[in-house]
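Let's take a walk through this protein together. Have the sequence and the 3D view ready, and we'll go one piece at a time.

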Amino acid sequence: MSFSSLPTEIQSLLFLTFLTIYLVTLLGNSLIILVTLADPMLHSPMYFFLRNLSFLEIGFNLVIVPKMLGTLLAQDTTISFLGCATQMYFFFFFGVAECFLLATMAYDRYVAICSPLHYPIIMNQRTRAKLAAASWFPGFPVATVQTTWLFSFPFCGTNKVNHFFCDSPPVLRLVCADTALFEIYAIVGTILVVMVPCLLILCSYTLIAAAILKIPSAKGKHKAFSTCSSHLLVVSLFYISLSLTYFRPKSNNSPQGKKLLSLSYTVVTPLLNPIIYSLRNSEVKNALSRTVCKALALQNCIP
């Protein structure tokens, strides 16, 4: 059903807004991947994980936004049973992967600040490849179990999904069977998937804060904090919107409210990630300038 209850003029405005956000998101995250690959100065572990995050955000957008744009533009509100299951599968996969990838990036910052001399040895190429694989892997079993289980239930009556994508709660309302056990699994699974990475992030930043406080100079403290401020901002945006969506009391939830909250982490956060990491990171800005200069064969490039 997407935003079909809204007037046509509002839907047209939403289409233009989401299309702009979608294109900027794809461009921004693609640029981060290309720049961090092309520039030798950005071949450190931190930018390796940033490339993974940008790739993940592109996938997240491709799963959800094109169908939503089609619904708003052509008023084609249909989606096949298999298409709905596929969309839900990859939504879970990318969502779980992002939770664990953000925790991995926090661990990377912990090693960089708390063990700077051993950082290149600890975060060597093999270790960071394993950490990236460990971040992506949990998405497969979670998405497989939850999607397969939910779509094995019988569906009858209305076939209207009151959302702009096939998320678990609105699809679950269409099931004509006892779903109590599945709901318990879904709640426990969500808590584990969200809280375990969140606790790892909190532990990492507690140790980082303790290490920063021991630095004698104010300049040193500022430099250490600036290396993880972008990640902290991204984590805050992602987890706040996710928590408000899935951990609010049912009595406070409304379909339109849940749609707006879902938009924040499915559409807005992927847009903000490249902006945050580029505007708050001089290395990325300089690398982008060098890449553009080389591509255009300009002389006054940043060395």
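Start with a pair of charged side chains: Arg109 and Asp108 join in a salt bridge, with 3.0 Å between N and O. Keep in mind that this is a predicted model. By the rule used here, the count comes to 1 salt bridge. Arg109 has 8% relative accessibility, so Arg109 counts as buried. Asp108 sits at 2%, so Asp108 counts as buried too.

Now look at helix α3, which runs over residues 81–114. It has 34 residues and reaches 50 Å from its first C-alpha to its last, close to the 50 Å you'd expect at 1.5 Å a residue. Of those 34 residues, 26 are buried, so α3 is largely enclosed by the rest of the structure.

Next up is helix α5, residues 125–136. Its 12 residues reach 17 Å from first C-alpha to last, close to the expected 16 Å. Which residues of α5 are buried? They are Arg128, Ala132, Ser135 and Trp136. These four cover an arc of only 95° around the axis, which means they're on the same side of α5.

Definitions and conventions. Residues are numbered from 1 along each chain as its sequence is written. This is a predicted model: local features need pLDDT of at least 70, side-chain atom pairs count only at pLDDT 80 or more; totals for chains, interfaces and linings use all residues. Side-chain values use heavy atoms; hydrogens and water are left out. Helices (H or I, at least four residues) and strands (E, at least two) are DSSP runs, numbered from the N terminus. The expected span of a helix is 1.5 Å times one less than its number of residues. Buried means under 20% relative accessible area, exposed over 50%, partly exposed in between (1.4 Å probe, protein chains only). The arc is that of the directions from the helix axis to the C-beta atoms. Contact means heavy atoms within 4.5 Å. A salt bridge is a side-chain nitrogen of Lys or Arg within 4 Å of a carboxyl oxygen of Asp or Glu.
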